[in-house]
Structure formats: C-alpha cells, structure tokens
Amino acid sequence: MAKDKRVLILGGIGDSLKLTALASTIPGLEVINSLAGRTRQPIITSTPTRIGGFGGVSGLTDYLREQKIDLLIDVTHPFASKISWNAAIATSQLNIPRLMLVRPAWKKIEGDRWLEVKSNEVAAKVLPELGSRIFLSIGRQELGSYAHLKHIWFLIRALDIPQPDSLVPPGKILTERGPFSLEEEQSLLQKYEIEAIVSKNSGGDATYAKIIAAGELGIPVVMIQRPSLPEGEQVSDVKSAVSWIRNYSD
Ligand code: NAP
C-alpha cells in the first residue's frame, strides 16, 4: 500500500461486520465503522466504531473532512436509502471514492405467492383480503403503518421492542435476531396459524428461510420492494468489496 488510508464503513447489517473484520487485516488501512444507533444491543467489534447520525449531508461532509477519510463503503441495509443518498452527495462533494455493497434482492421462484408492493402503506391496504393472522417481519420502525388494522392479529418480529411512544398494531411481539432455520420458520408459521407474511425484500440468507417456508406452505408473501439507491460503484458481496479496497490502496 502506498500510504496509510482511512476507510469509513457505514454499517448496520451482518455484511458490514464481515467486511470490517476482513478490511481490518489489510496492512496500512485504518478502518472506522459507523452505526446509526438504532438497536439497543449492537454487535460491537474491536474495530473503532462511532455510533449515531452525522447530522445530514453537511454533518457527514464535515466528518469525512475532519477525519481525513480516504474511502467510504456503504454497507447499510438496502432499505436504509437516506444515509446512502447522503453518502453519495457528501463523497461526491469531497471527491472521495465510494462503494456500495448491495446484496442481491430475493427473486420469486416456482411455488412462491408474492404480492409485490411499493411501501408499507400499500401492504397495509392489501392485508385485509389476505387473512386475519399476519406475520409482520419488517423490523420495528414502520409498524405504525399497520396500527389502524384492528381486526388483524399480527405476529411481529424485530430485534428490539418498539419505542414506548410508537404506534403498534395488535398482536404478539417476538424480539429475535436471525439467522433463522427453515424448520424454525415453518413451525413458527404453523404454530401461529399465519395466513400471510409481510416482508421487505432485504435479500441475503439470514432471513430468507421464512420466504422458503411460506412458499412450501402455500402462504402468500406481501413483498415490499426496495427504494431507489444512488448511482455509483456497486458490488454484491464482501469479497468484492475487499478487492475494491485493495485496488484503491495499492
Ligand atoms: P436511513 O433511513 O437511511 O437513515 C436515517 C438516518 O440515520 C440517516 O440520515 C443518518 O442520520 C442515520 N444513519 C443511518 N445509517 C447510519 C450509519 N450506518 N451510521 C451513522 N448514521 C446512520 O436508515 P434506517 O432505515 O433508519 O436504518 C438505520 C440503520 O439500521 C442503518 O445503518 C441500516 O443499515 C440498519 N438497518 C436498517 C434496516 C431497514 O429496514 N431500514 C434493516 C436492518 C438494518 P444523519 O442524517 O443524522 O446522518
């Protein structure tokens, strides 16, 4: 490596931990991890980690400049589009190379009964036609979109319990972190007599078993499509992101 470089990894998903671990072994590279601070018990590694928002584009631009960041890798969740757009604007203003690691979206396979929708609001509109026992697997931030559906019982799975002041639809809350096995997901759907699932098209393996289980049990999935992300260099796996860093560092 020509000279020491500093890379900022915007994280919040499993792949960011994997990339942080691998990048930290590259000689001459200093890695800083950034988390939004949404989860109560984030997985913290030995890599320096800052937690909390930057304060929009201007805050992020200041941070990148002050911390003398040379490279930025955006490994945020595909539905965390605001931070991705902020990162695109801030890095372009400062001429800092930026990479997005975006895991591929799940694709419908034979037997899947998907109803693809653009948002939680649209998902909420179609649910009454699909059943009265729904597995809501969208995290806890957007539960309010379903809170008016008082005649539906929801099985809600999220990393943390919802904030006390947030709107939550009626039902049961499971606080669990994946990965989940196919057997676990099948028995969950059967135990709670689930008639339909709402999921974001997050991609990746950790939470895909519920989609396979739904397909096998003939349960419909209301699949929320991804928001649009900024243009720019993109890879779909951790190994390719490591190669990108090495190309910039040599
Ligand atoms: P978002 O809507 O794109 O971002 C909202 C604000 O949160 C951003 O403007 C930024 O605040 C702050 N932020 C987001 N990611 C950050 C990071 N890695 N480091 C520092 N600040 C960050 O994001 P979100 O949907 O709320 O998701 C928040 C975090 O949870 C992300 O890191 C994401 O990877 C993770 N996550 C999200 C989902 C999901 O479904 N959305 C699922 C799993 C994990 P400022 O403007 O103040 O900088």
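Q: What makes domain 1 and domain 2 count as being in contact, and how many residues of each are involved?
A: In this predicted model, 9 residues of domain 1 are in contact with 14 residues of domain 2. Contact requires heavy atoms within 4.5 Å, so these residues qualify by that cut-off.

Q: Which stretches of the chain make up domain 1 and domain 2?
A: Domain 1 consists of 5-103 + 228-249, and domain 2 of 114-224. Their C-alpha centres lie 29 Å apart.

Q: What area do domain 1 and domain 2 bury between them?
A: They bury about 890 Å², with 49% of it on carbon and sulfur atoms. On the side of domain 1, the residues losing the most area to domain 2 are R40, F79 and R103, which together account for 57% of what that side buries.

Q: How many salt bridges does the rule find across the interface of domain 1 and domain 2?
A: The rule finds 0.

Q: Where do backbone atoms of G11 and G56 lie relative to the ligand?
A: A backbone N or O atom of G11 lies 2.8 Å from a ligand oxygen, and a polar backbone atom of G56 is 3.1 Å from an oxygen of the ligand. The protein covers 79% of the 810 Å² of accessible area that the ligand has on its own.

Notes: Residues numbered from 1 in each chain as written. Predicted model: local features only at pLDDT ≥ 70, side-chain atom pairs only at ≥ 80, totals over all residues. Heavy atoms only, no water. Domains from an automatic or database assignment. Buried area = accessible area lost by both parts, 1.4 Å probe. Salt bridge = Lys/Arg side-chain N within 4 Å of Asp/Glu carboxyl O. Polar contact = N/O pair within 3.5 Å; in protein donor to acceptor, adjacent residues only side chain to side chain. Areas by Shrake-Rupley, 256 points an atom, 1.4 Å probe, with all protein chains shown as cover.
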